[in-house]
Amino acid sequence: LFRGQAQGPPVTNIMFLKTHKTASSTMLNILYRFAETHNLSVALPAGSSFHLGYPWLFLARYVEGASQNSTGPPRRFNVMCNHLRFNLPEVQKVMPNDTFYFSILRNPVSQLESSFIYYKSYVPAFRRVASLDAFLASPWTHYNASLGLRNAHARNNMWFDFGFDHNAPAEDSYVRARLADVERRFQLLLIAEHFDESMVLLRRRLRWRLDDVVAFRLNARSPRSVTSLAPESRERAKRWCALDWRLYQHFNRSFWAQLHSELGPGRLRREVALLRARRRELTALCLQDAAPKNKTQITDLRLRPYQSGAADILGYNLRQGLDNATLRTCQRMVMPEIQYMAHLYALQFPEKPPKNIRFLEE
């Protein structure tokens, strides 16, 4: 595997549960590139939609082409990775039986801080509060559980994405039962804070080549739009998102246990070093400047990422004068999530109207 010669064919039936604000956009780019390179089918949002029914529980009918007709069985796809709230029976209608299920988690304190900036204008609980520190000082002043789905980003958002009740009390028996549910279905949960180590383990499990998991960081915010929380706010965030905290703690432990049992510290260090060296090579090959750029600095409008809330989402400029094959490879690596989804949709469904990405026209 270290030399890119894994035993057996690569795994090509994959379901990635895209949790929010967890480096999942970078993971999506990896999956989209793999699907395009290997001519795999992707379960994409139907019609003009840009997600698979989120924040409602996923239904098979949210996938373009899932039903060939009203009476036939649903079509099966190789890759599912778009925004959805997990609903296993419906996912199984469109994914093969041998599908590899995985997801990614992030420290809930950092995840909540990112959500506050990114979704501030969308989430009712965040709209009228000046800062996350102020919100966490008295969350029930701002959070109305009866508003349900629209407030999903304000509390236990990762728990919600797995299809569970994000307002449930964090009682030990309930939490243990739900963690067992996740363990039964998902073969791997990655950890955002250790993304490179995650890619090493994922590559091993999927029997992929090194270049299949090398990526540039996408949908990241500029440092000026990242807030440092007060120490007391960090502790309040853990209590407020107690379900996410238990989820993260449990699978962070199991992630490192799997890494050490399957690779050992020495081999892990070597493989991470190999991954980072290849990323540096591709950075030098593809990018005009290694530092990501804000939207006003990105010269190719098609490569500008969507901006949300108070977040300043960064992207990249490609080097000039690349040959056609290299240009295509580099474009795929920096293509923002929405544009890449629309690109794959046009390839898979040329007879359908293309996705209309309005923010590119502004």
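Predicted model: local features only at pLDDT ≥ 70, side-chain atom pairs only at ≥ 80, totals over all residues.
What covers the buried residues of H14?

Residues are numbered from 1 along each chain as its sequence is written, and side-chain values use heavy atoms, with hydrogens and water left out.

Now, H14. This helix spans residues 324–334. Helices (H or I, at least four residues) and strands (E, at least two) are DSSP runs, numbered from the N terminus. Thr326, Cys330, Met333 and Val334 are buried in H14. Buried means under 20% relative accessible area; exposed is over 50%, and partly exposed lies in between (1.4 Å probe, protein chains only). These four cover an arc of only 85° around the axis, so they sit on the same side of H14. The arc is that of the directions from the helix axis to the C-beta atoms. And the cover? It includes H1 and H13.

Next, the sheet. Four strands make an open sheet, ordered E2-E1-E3-E4, with parallel pairing. Two strands pair if DSSP finds at least two bridges between them. Strands E2 (79–80) and E4 (188–191) are at the edges with a single partner strand each, so one side of each has no neighbour in the sheet. E1 (residues 14–17) is joined to E2 by two bridges. Met15 has Met80 in E2 as its bridge partner.

H1 (residues 24–37) packs on this sheet and touches E1, E2, E3 (100–105) and E4. Contact means heavy atoms within 4.5 Å. The direction of H1 makes about 165° with that of E1. Axes are lines fitted to C-alpha atoms, for helices over the stretch in contact, and angles run from 0 to 180 degrees between N-to-C directions.

Over to E3 and E4. Four bridges join them. Leu105 stands opposite Ile191 in E4. From E4, Leu188 and Leu190 point one way, Leu189 and Ile191 the other, and all are buried.

Last, a helix pair. The axes of H9 (residues 195–206) and H13 (residues 265–286) come within 9 Å and cross at roughly 105°. H9 and H13 are therefore roughly perpendicular. Angles of 65 to 115 degrees get that label; under 35 is roughly parallel, over 145 roughly antiparallel, and the rest oblique. Residues of H9 in this contact include Arg203 and Arg204; those of H13 include Glu271 and Arg279.
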